[in-house]
Amino acid sequence: MKYSIKAPAKINLSLDVIRKREDGYHEVEMIMTMVDLADRVDLSLRADGGISIDVSEGFVPSDERNFAYQAASLLKKRYNVREGVHIYITKRIPVAAGLAGGSSDAAATLKGLNELWQLGLSVDELATLGAEIGSDVSFCVYGGTALATGRGELIKPIASPPPLWVILAKPPIGLSTADVYNGLKLSEARHAKTAEMIAALERQDAASICALLHNTLEDVTLRLYPEVAHIKEQMKRFGANGVLMSGSGPTVFGIVEKESRVNRIYNGLRGFCDEVYAVRLIRTSGTCPNTDENGML
Ligand SMILES: C[C@@](CO)(OP(=O)(O)O)[C@H](O)COP(=O)(O)OP(=O)(O)OC[C@H]1O[C@@H](n2ccc(N)nc2=O)[C@H](O)[C@@H]1O
Ligand SMILES: Nc1ncnc2c1ncn2[C@@H]1O[C@H](COP(=O)(O)OP(=O)(O)O)[C@@H](O)[C@H]1O
């Protein structure tokens, strides 16, 4: 038996860091939403009880370091599952990009195996398990648009944005999420207007959404990598209505209201950046965006 499921990328419309916690994580307030750039996760039942994984991109770990493998292993151990699974991931989301590709693969694996292994777990239970793999996995289980608090694992659904275009540009920089959080000087940090962003989403007010885009981690990454600032400037110059770095970076996203501007911005950026994508915001709220009601393709 087989299941295929899409694992979409996220962007942070707003990311605020409140304080550093005793456990080493940071307390955050993030507004997260999905875009229609997705990996594909194929799950095939293994009767021998083993877990194995292959990934289309050779540089992504295809062993227990892969978050999708960890999701399968966690479910198998926690629920004493006898069957196994082979996981095949077709990567389309840039890796280590601030787009939660690995977290989304883990979330898709949790949802898919819940069906394949007939575990009967609720979405809330899957999201709680996801938080054991990484802070962004819970949001990826729910999908839609949400306010994420705690270390990012406490999820409250909020209104989806209007149907806007998004240009993603990822410069060839490898950075570590932990280093970016640790590089933040909280006493000097600029904070987001989270409540105002939620209100703008409720009003479907694209101009205010663009004006309120804010990421407290951006200053850290911009200081380390001036090329990220360059991409932001160029995106604005080519006509994006709002521009921000996603997560810990280095991907920059631009929100574009007019479809007629999308090609100009895309082509302009392609002149000096290899990884550029023109995508749409996914408007579905609730679980499993971009899929049918079972979360399948
Ligand atoms: C910054 C964000 C924004 O959505 O995304 P990405 O840039 O990774 O996409 C997330 O907070 C990243 O979440 P995720 O990538 O799941 O991080 P985790 O694996 O849980 O943590 C990796 C490391 O980041 C730091 N970390 C993470 C989350 C958090 N709230 N505070 C932290 O300080 C910790 O040092 C931790 O050891
Ligand atoms: N399924 C996966 N896809 C991509 N990267 C993965 C996956 N599983 C584990 N990783 C590891 O996690 C790191 C961060 O990957 P990713 O989730 O793409 O980044 P980000 O959290 O910045 O969006 C990668 O460098 C890779 O080594």
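**Helices, sheet and ligand shell**

Helix α9 (residues 226-238) lies across β7, β9 and β10 (252-256) and runs at about 10° to β10. Helices (H or I, at least four residues) and strands (E, at least two) are DSSP runs numbered from the N terminus. Axes are lines fitted to C-alpha atoms, for helices over the stretch in contact, and angles run from 0 to 180 degrees between N-to-C directions; two residues are in contact if their C-beta atoms, placed from the backbone, lie within 7 Å. This is a predicted model, in which local features need pLDDT of at least 70, side-chain atom pairs count only at pLDDT 80 or more, and totals for chains, interfaces and linings use all residues. Residues are numbered from 1 along each chain as its sequence is written, while chains are lettered from A and ligands numbered from 1 in the order in which they are written.

Helix α10 (residues 259-270) lies across β7, β10 and β11, at about 5° to β7.

The strands form an open sheet of four, in the order β9-β10-β7-β11, with antiparallel pairing; two strands pair if DSSP finds at least two bridges between them. At the edges are β9 (242-245) and β11 (275-280), each pairing on one side only. From one strand to the next, the twist averages 20°. Six bridges join β7 (residues 165-170) to β11 in the antiparallel sense, and V166 has V279 in β11 as its bridge partner.

Ligand 2 is surrounded by 19 residues, the closest being F67, A96, G101, G102 and D105. Both α1 (67-78) and α2 (101-116) supply at least two residues of this shell, and α2 gives the largest share, four residues.

Methods:
A residue is near a molecule or strand if its C-beta atom, placed from the backbone, lies within 6 Å of it.
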